[in-house]
Amino acid sequence: MAELKVIWSHKAKFQRDEIFKYWNKRNRSTRLSEKLKLRIKEKTNQLKLQPNLGREIEGTNKRILIFGNYSIIYFANSEHIQIFLFWENHQDPEKLLKILSSKQ
(Lines give C-alpha, C1' and ligand atoms only; values in the text may rest on other atoms or scores of the structure.)
Protein backbone atom coordinates (compact mmCIF):
# COMPACT_ATOMS: atom_id res chain seq x y z
CA MET A 1 0.00 0.00 0.00
CA ALA A 2 1.35 3.43 -0.96
CA GLU A 3 1.83 6.01 1.75
CA LEU A 4 -1.16 8.29 2.15
CA LYS A 5 -0.81 12.01 1.56
CA VAL A 6 -1.79 14.34 4.41
CA ILE A 7 -3.76 17.42 3.37
CA TRP A 8 -4.43 20.22 5.86
CA SER A 9 -7.54 22.38 5.42
CA HIS A 10 -7.07 26.15 5.62
CA LYS A 11 -9.00 26.17 8.89
CA ALA A 12 -6.79 23.47 10.45
CA LYS A 13 -3.62 25.30 9.36
CA PHE A 14 -4.97 28.54 10.80
CA GLN A 15 -5.86 26.89 14.12
CA ARG A 16 -2.44 25.22 14.35
CA ASP A 17 -0.60 28.43 13.52
CA GLU A 18 -2.63 30.45 16.03
CA ILE A 19 -1.64 27.96 18.74
CA PHE A 20 2.02 28.34 17.75
CA LYS A 21 1.71 32.15 17.87
CA TYR A 22 0.07 31.97 21.29
CA TRP A 23 2.87 29.86 22.78
CA ASN A 24 5.60 31.90 21.10
CA LYS A 25 4.19 35.11 22.54
CA ARG A 26 3.39 33.69 25.97
CA ASN A 27 6.79 32.04 26.44
CA ARG A 28 8.81 34.54 24.41
CA SER A 29 10.36 31.53 22.76
CA THR A 30 9.60 29.11 19.94
CA ARG A 31 10.83 26.11 21.92
CA LEU A 32 7.38 24.78 22.86
CA SER A 33 6.04 25.37 19.35
CA GLU A 34 8.96 23.44 17.88
CA LYS A 35 8.23 20.52 20.21
CA LEU A 36 4.57 20.64 19.26
CA LYS A 37 5.48 20.68 15.55
CA LEU A 38 7.48 17.48 16.08
CA ARG A 39 4.56 15.84 17.91
CA ILE A 40 2.19 16.81 15.11
CA LYS A 41 4.60 15.36 12.55
CA GLU A 42 4.82 12.12 14.58
CA LYS A 43 1.03 11.85 14.74
CA THR A 44 0.47 12.59 11.05
CA ASN A 45 3.14 10.01 10.17
CA GLN A 46 1.30 7.49 12.36
CA LEU A 47 -1.93 8.30 10.53
CA LYS A 48 -0.24 7.65 7.19
CA LEU A 49 0.45 4.10 8.39
CA GLN A 50 -2.71 3.60 10.46
CA PRO A 51 -5.46 5.84 9.07
CA ASN A 52 -8.08 4.35 11.40
CA LEU A 53 -5.99 5.08 14.49
CA GLY A 54 -8.30 7.84 15.70
CA ARG A 55 -11.69 7.21 17.25
CA GLU A 56 -14.76 7.59 15.05
CA ILE A 57 -16.85 10.67 15.71
CA GLU A 58 -20.43 9.50 15.92
CA GLY A 59 -22.74 10.89 13.27
CA THR A 60 -19.91 12.01 10.99
CA ASN A 61 -17.45 10.48 8.56
CA LYS A 62 -14.57 11.92 10.59
CA ARG A 63 -12.19 10.58 13.21
CA ILE A 64 -10.41 12.24 16.12
CA LEU A 65 -6.86 11.54 17.24
CA ILE A 66 -6.21 12.94 20.71
CA PHE A 67 -2.68 13.52 21.95
CA GLY A 68 -2.01 15.50 25.10
CA ASN A 69 -3.86 18.81 24.99
CA TYR A 70 -4.53 18.63 21.26
CA SER A 71 -6.69 16.74 18.78
CA ILE A 72 -6.55 16.21 15.06
CA ILE A 73 -9.97 15.82 13.44
CA TYR A 74 -9.63 14.13 10.07
CA PHE A 75 -11.14 12.01 7.32
CA ALA A 76 -9.19 9.18 5.69
CA ASN A 77 -9.76 7.33 2.46
CA SER A 78 -7.55 5.11 0.31
CA GLU A 79 -5.73 8.09 -1.23
CA HIS A 80 -5.25 10.72 1.46
CA ILE A 81 -5.89 11.98 4.97
CA GLN A 82 -7.76 15.28 5.12
CA ILE A 83 -7.19 17.17 8.36
CA PHE A 84 -10.25 19.35 8.99
CA LEU A 85 -9.45 20.80 12.40
CA PHE A 86 -6.55 21.11 14.80
CA TRP A 87 -8.15 21.49 18.20
CA GLU A 88 -6.82 22.64 21.57
CA ASN A 89 -8.66 20.42 24.05
CA HIS A 90 -9.12 23.07 26.76
CA GLN A 91 -11.65 24.85 24.56
CA ASP A 92 -15.39 24.45 25.08
CA PRO A 93 -16.33 20.97 23.75
CA GLU A 94 -19.73 22.33 22.72
CA LYS A 95 -17.92 24.63 20.29
CA LEU A 96 -16.26 21.60 18.68
CA LEU A 97 -19.58 19.75 18.43
CA LYS A 98 -21.15 22.79 16.79
CA ILE A 99 -18.34 22.98 14.22
CA LEU A 100 -18.57 19.24 13.49
CA SER A 101 -22.33 19.33 13.07
CA SER A 102 -22.20 22.26 10.62
CA LYS A 103 -21.67 21.52 6.94
CA GLN A 104 -18.05 22.03 5.91
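A residue counts as exposed when its relative accessible area is over 50%, and as buried when that area is under 20%. Keep in mind that this is a predicted model.

Q: Which residues of α1 are called exposed, and what makes them so?
A: They are His10, Phe14, Lys21 and Lys25, on the face of α1 turned away from its buried side. Exposed means over 50% relative accessible area, so each of these residues passes that cut-off.

Q: Which residues of α1 are called buried?
A: Ala12, Gln15, Arg16, Ile19, Phe20 and Trp23 are buried. The label means under 20% relative accessible area, so these residues fall below that limit.

Q: What do the buried residues of α1 pack against?
A: Their partners are β1 (5-8), α2 (31-49), β4 (70-76) and β5 (80-88).

Q: How does the reach of α1 compare with what is expected?
A: Helix α1 (residues 10-27) has 18 residues and reaches 26 Å from its first C-alpha to its last, close to the expected 26 Å at 1.5 Å a residue.

Q: What makes eight residues of the lining of the largest pocket nonpolar?
A: The lining divides into eight nonpolar, three polar and two charged residues. Ala, Val, Leu, Ile, Met, Phe, Trp, Tyr, Cys and Pro count as nonpolar, so the eight are of these kinds.

Definitions and conventions: Residues numbered from 1 in each chain as written. Predicted model: local features only at pLDDT ≥ 70, side-chain atom pairs only at ≥ 80, totals over all residues. Heavy atoms only, no water. Helix = DSSP H or I, 4+ residues; strand = E, 2+ residues; numbered from the N terminus. Expected span 1.5 Å × (residues − 1). Buried < 20%, exposed > 50% of the residue type's maximum accessible area, 1.4 Å probe, protein only. Contact = heavy atoms within 4.5 Å.
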